[in-house]
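Please read it alongside the sequence and the model shown here.

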Amino acid sequence: MRPERLRLSDEPGAAESLAARVRGLVATDTSVQEAVREIVAQVREAGDAALVELTRRFDTGDAAAGPVRVPRAELDAALVALDADVRAGLELAIVNVAEVALVALAEDRELELAQGQRIVLREVPVRRAAVYVPGGRAPYPSTVVMGAVTAETAGVGEVVVCSPPRSGGSVDPLVLGTCALCGVEEVYAIGGAQAVAALAFGTESVRPVDVLVGPGNLYVQEAKRQLQGRIGIDGFAGPTDLLILLDADADPALAVLDLLAQAEHGADSLVCAVSPEGPALDAIEAALERAGGEANCALVDAGDLDAALAFAEAFAPEHLQLLGAGAEALAPRVRSAGCVFVGAPSTAAFGDYIAGTNHVLPTDGSARFSSALSPGHFRRRMAEVHIGPAAAALARAAAPIARAEGFEAHAASMEARIQENGQ
């Protein structure tokens with residue numbers, strides 16, 4: 001891995017400009033828009049027939065695609081076959097993710113306003129939600145846990161999983177076993193844009209869902225983008241990124257290991273370290289060059305820790321690690337990060353699996369305005385309004401506004417309540 005060495009100046013706007021330059025190390029590709037639009041149209045028009053043909057074309061090759069929905073017996077067999085150590089780790093992850101998600105649930109609230117009307121604010125879970133679990137280079141049981149457990153904790157009645165089948169036509173047993181471990185019984189052997197379309201519109205075998213979450217390739221993300229509004233989504237997951245902010249007390253060797261770990265996600269991963277300590281960055285640079293591998297990498301020399309934090313805030317990383325006492329003290333000041341890992345023991349890798357926080361995080365700088373996957377993605381805030389005796393006072397106040405907007409019937413509708421209440 002050959003890092004790009006950059007220096008942060010003290011000029012106004014330098015942090016934002018340099019963050020954009022580092023983001024630019026990852027090439028963007030929007031060439032799949034038309035292909036995805038065609039796939040979505042095929043699934044919407046032909047249903048299962050399109051799913052079977054597209055699955056053969058993109059996933060199973062010459063092998064015939066299996067049934068769209070995975071039989072329950074296959075899930076049960078995969079659960080029994082789980083390696084004991086893997087199962088123990090997954091069970092701990094399930095407990096931790098559920099416990100953190102439970103804290104994020106909001107209780108219903110009721111308030112009475114000055115005019116006397118009563119408002120009840122309720123959180124209502126969606127009825128059906130799907131978790132997309134990528135296939136690609138390897139199975140991702142951790143994504144099953146992050147999505148399914150969070151949805152179940154949110155109170156979703158029906159949680160489903162879709163994952164592309166392997167060349168033989170079946171979903172990886174590790175994914176299936178984890179689904180069974182999480183209590184998910186509805187699993188579909190479909191992937192790509194066609195899976196998103198099927199879950200949005202429904203087919204003969206696939207019942208549509210209200211919300212779809214989870215990472216995926218460019219086709220999956222583009223399909224989510226095109227179908228947002230038809231279904232709810234968590235966001236658009238781009239290539240993963242990690243920023244390590246370190247000071248003189250940090251161990252550069254740990255930073256190197258953590259950068260290499262994040263780079264394992266693929267050649268389009270973006271990893272970065274920022275520090276006012278030139279010698280620490282020198283050590284990281286030399287170690288990364290010796291290690292080899294592929295990833296987009298930048299090392300940023302900052303004037304001091306405040307400047308390093310300004311760069312981190314502008315970069316808005318998916319994962320932010322703070323290493324060294326001075327860097328760790330910055331944690332309360334961080335406002336733009338998907339998840340913050342504080343201190344040497346707190347590698348982002350723990351967050352990928354078992355810390356309890358969710359690993360479905362905002363990417364591509366969207367941590368400025370987006371959050372990690374949480375029960376909130378599966379719930380809707382709904383108001384319940386009880387006007388009662390307040391109707392007369394509210395009507396007298398609101399009717400002039402309605403007429404000013406040209407809505408005479410609105411005004412009349414409200415004023416009718418004055419007579420009804422005899423005031």
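Predicted model: local features only at pLDDT ≥ 70, side-chain atom pairs only at ≥ 80, totals over all residues.

Residues are numbered from 1 along each chain as its sequence is written, and side-chain values use heavy atoms, with hydrogens and water left out.

**Burial within α7**

- Helix α7 is mostly covered, since seven of its nine residues are buried, where buried means under 20% relative accessible area, exposed means over 50%, and partly exposed lies in between (1.4 Å probe, protein chains only).
- The buried residues of α7 are Val175, Leu176, Gly177, Thr178, Cys179, Ala180 and Leu181.

- Helix α6 (residues 141-154) and helix α7 (residues 173-181) have axes that come within 8 Å and cross at roughly 25°; axes are lines fitted to C-alpha atoms, for helices over the stretch in contact, and angles run from 0 to 180 degrees between N-to-C directions.
- The helices α6 and α7 are therefore roughly parallel to each other, given that angles under 35 degrees count as roughly parallel, over 145 as roughly antiparallel, 65 to 115 as roughly perpendicular and the rest as oblique.
- The crossing of α6 and α7 is right-handed, a term used if the near helix is turned clockwise from the far one by less than a right angle, with anticlockwise giving left-handed.
- In this pair, Pro141, Val144 and Val145 of α6 meet Leu174, Val175, Thr178 and Cys179 of α7, and by class the contact has six nonpolar, one polar and no charged residues; Ala, Val, Leu, Ile, Met, Phe, Trp, Tyr, Cys and Pro count as nonpolar, Asp, Glu, Lys and Arg as charged, and the others, Gly among them, as polar.
- Helices α5 and α7 pack at an angle of about 45° with their axes 11 Å apart, and α5 and α7 are therefore oblique to each other, with a right-handed crossing.
- On the α5 side this contact is made by Val86, Arg87, Leu90, Glu91 and Ile94, and on the α7 side by Leu174, Thr178 and Leu181; the residues of the contact divide into five nonpolar, one polar and two charged.

**Ala154 in α6**

- Ala154 lies in helix α6 and, at 0% relative accessibility, counts as buried.
- When residues up to four places away in sequence are not counted, Ala154 touches Leu105, Pro125, Pro375, Phe378 and Arg379.
- The C-alpha atoms of Ala154 and Phe378 are separated by 6.3 Å, although these residues are 224 residues apart along the chain.

**Packing of α1 against α12**

- The axes of helix α1 (residues 14-23) and helix α12 (residues 305-315) come within 8 Å and cross at roughly 55°, which makes α1 oblique to α12.
- The crossing of α1 and α12 is right-handed; Ala15, Glu16, Leu18, Ala19, Val22 and Arg23 of α1 make the contact with Ala310, Phe311, Ala314 and Phe315 of α12.
- The residues of the contact of α1 with α12 divide into eight nonpolar, no polar and two charged.

**Residues with positive phi**

- Most residues other than glycine have a negative phi.
- Ala316, found in the loop between α12 and β12 (319-323), has a positive phi near 50° and, at 1% relative accessibility, counts as buried.
- Asp364, which lies in the loop between α14 (348-353) and β14 (379-386), has a positive phi of about 55° although it is not a glycine, and at 57% relative accessibility Asp364 counts as exposed.

**The protein as a whole**

- The protein has 16 helices and 14 strands, and of its 423 residues 48% count as buried.
- Taken along the principal axes, the C-alpha atoms fill a box of roughly 85 × 60 × 45 Å.
- Of the contacts in the protein with a separation of 6 or more, 73% are accounted for by residues 24 or more positions apart.

Terms used
Helix = DSSP H or I, 4+ residues; strand = E, 2+ residues; numbered from the N terminus. Contact = heavy atoms within 4.5 Å.
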